[in-house]
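Please look over the sequence and the model first.

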Amino acid sequence: MSEQVQIDDLLGQEPAAAVQREAGLHRQLSTRQVAMIGLGSTIGTGLFLGSAISVKLAGPSVVLSFLIGAIIALPVMWALAEMSAAHPTAGAFGVHAQMYLNPWAGFAVRYTYWLCLVIVVGSEVVAAAIYCQYWFPHVPVLLWIAAFSVAMIYLNTLSIDNFGAIEFWFAMIKVVTIVVFLVLGTSLLLGFGFPRIGAANYTAHGGFFPGGWSGVGLGVVMAIFSYLGLEIMAATAGEAADPQVAVPRALRRTLLTLMIFYVAGLGIVVGIVPWNRIDLGQSPFVRVFETVGIPAAGHIMNFVVLSAALSSATCNLYFGGRLLFSLARGGYAPAALGRLNKRGMPTSAVFASSIGMFAAMMLAQQLQNTKAFEYMIGVAFFGGPFVWIMTLITHIGFRQKMGRAGQTFLRIAPGGSWSSTLGLVALLAVLISTWWVPSFHVTLLAGPPWLAFITACYFLFRRAANRNFANAEKQGRVQAPGHSFL
């Protein structure tokens, strides 16, 4: 047997072995906690701050952009639900890619998305600092970033049941407030208890399609970014009490809830505030309450969007730590990052995944706050669609291999592989269209060089691992799968 075959066996694509490598995490998350972690990761700056970018691109027709974004997200949700129910692991779609595509795919997907999460956590911290400037304009941004960073790292070192309980109520603040916002906003538009605003703002200032259908299409770019975070629920399968039930159910509920929140929420925003008066440096939701003369509600809403940003950052740090833990247990990262503390939490991986918050501090010094936010989400956006694209390709392979083997699995995706194929085409179109969104020029500029770099790293790793494996075999100390050679 050649060294190459040996190391491929060591890295392994056997489902049972891949799941076993990540043993040690405590399975204590309930179905409702899994769902709230999903909402916590997605309802953040995408809805409360980043949505202003979509409004500028599409105007009132931004509601169609987010509806189309939800339709594109559907096949991804179906694919994640099927594969996570079959193979519940913390590495989620990265481990699945290794199983059903090849080791390079598992390596590239996990490291790409880990980098994406690192940047997103930093962007969320920058957004939280922007919200705090609403109350304390003279307090240095660096102070807010440092304080929030320490708090988020601490939360991610607690036991998983405590983390799930805290994130549940953290996310509940956002959910309840958005529901209240929808009720209040509808009352403002229809004149129930307030002077009637009506529907004039939907057609004034250039009409419903001020940017044409191209504006709607470009608005989908930000819509997809806003739905990113659904995939984090796939990682909770490794710590869910009943992943076969909890994860698919939570994915369905979360996507439906997000669609209602985004479409209805933005529909109310552009109905109350003229779309051309929405500022990129301020949350459109806070702007709504200021416009109708309810300053106290504006302060309350600013507190909510602040909690939304911090909740999202905490969840993304959670997943970043799990991805790095999964990489370490698979032999793709230093073994120390695969260790768990006495509460079953990958503390070392969490600390290593927090570097995005330190990058945020440096960017906040070099750029204005809003520019820092736009730049960071532009770089991170490549990782999200890339992982979604790879998830759909993996699902096609999953369906084919499970079908050939005659194995039973939870069938959710209507049309099977065809739904993933259609979603794949749509996501490729979205990724290409980022070139025409000024804030996302860096997406396609940064993406290909990163893939070239991570591919070179993979082959260098494999060569070194082959050499170490051969030396270990000669000395009679071959290591078991899951131990790092790095």
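Predicted model: local features only at pLDDT ≥ 70, side-chain atom pairs only at ≥ 80, totals over all residues.

Residues are numbered from 1 along each chain as its sequence is written, and side-chain values use heavy atoms, with hydrogens and water left out.

**Whole chain**

- The protein chain has 22 helices and 0 strands; helices (H or I, at least four residues) and strands (E, at least two) are DSSP runs, numbered from the N terminus.
- Of its 486 residues, 60% count as buried, where buried means under 20% relative accessible area, exposed over 50% and partly exposed in between, with a 1.4 Å probe and protein chains only.
- Among contacts (heavy atoms within 4.5 Å) between residues at least 6 apart in sequence, 82% join residues at least 24 apart.

**Helices H6 and H12**

- The axes of helix H6 (residues 62-86) and helix H12 (residues 212-227) come within 7 Å and cross at roughly 55 degrees. Axes are lines fitted to C-alpha atoms, for helices over the stretch in contact, and angles run from 0 to 180 degrees between N-to-C directions.
- H6 passes H12 in a right-handed crossing, a term for the near helix being turned clockwise from the far one by less than a right angle, with anticlockwise being left-handed.
- On the H6 side, residues making the contact include Leu64, Phe66, Ile68 and Ile72; on the H12 side, they include Trp213, Val216, Val220 and Tyr227.
- The residues of this contact divide into 11 nonpolar, 5 polar and no charged. Ala, Val, Leu, Ile, Met, Phe, Trp, Tyr, Cys and Pro count as nonpolar, Asp, Glu, Lys and Arg as charged, and the others, Gly among them, as polar.

**Aromatic pairs**

- A search of the whole structure finds 21 aromatic pairs. Rings of Phe, Tyr and Trp (its six-membered ring) pair if their centres lie within 6.5 Å; planes under 30 degrees apart count as stacked, over 60 as edge-to-face and the rest as tilted.
- One of the pairs is Tyr100 with Phe398, edge-to-face at 5.3 Å centre to centre and 90 degrees between the planes.
- Tyr100 lies in helix H7 (residues 92-100) and Phe398 in helix H20 (residues 383-405), so that the pair links parts of the chain 298 residues apart.
- Both Tyr100 and Phe398 are buried.
- Tyr458 and Phe459 also form an edge-to-face pair, with 5.3 Å centre to centre and 70 degrees between the planes.
- Tyr458 is buried at a relative accessible area of 2%, whereas Phe459 is partly exposed at 42%.
- Ring pairs link Tyr458 and Phe459 with Phe107, Tyr111, Tyr332 and Phe461 into a cluster.

- H7 is mostly covered, with 9 of its 9 residues buried; among them are Phe93, His96, Gln98 and Tyr100.
- Ser307 sits in helix H16 (residues 295-329) and is buried, with a relative accessible area of 4%.
- Not counting residues up to four places away in sequence, Ser307 touches Phe170, Ile173 and Lys174.
- Tyr134 is in the loop between helix H8 (103-133) and helix H9 (141-155), and counts as partly exposed at 26% relative accessibility.
- From C-alpha to C-alpha, Tyr134 and His299 are 8.6 Å apart in space, and they are 165 residues apart in sequence.
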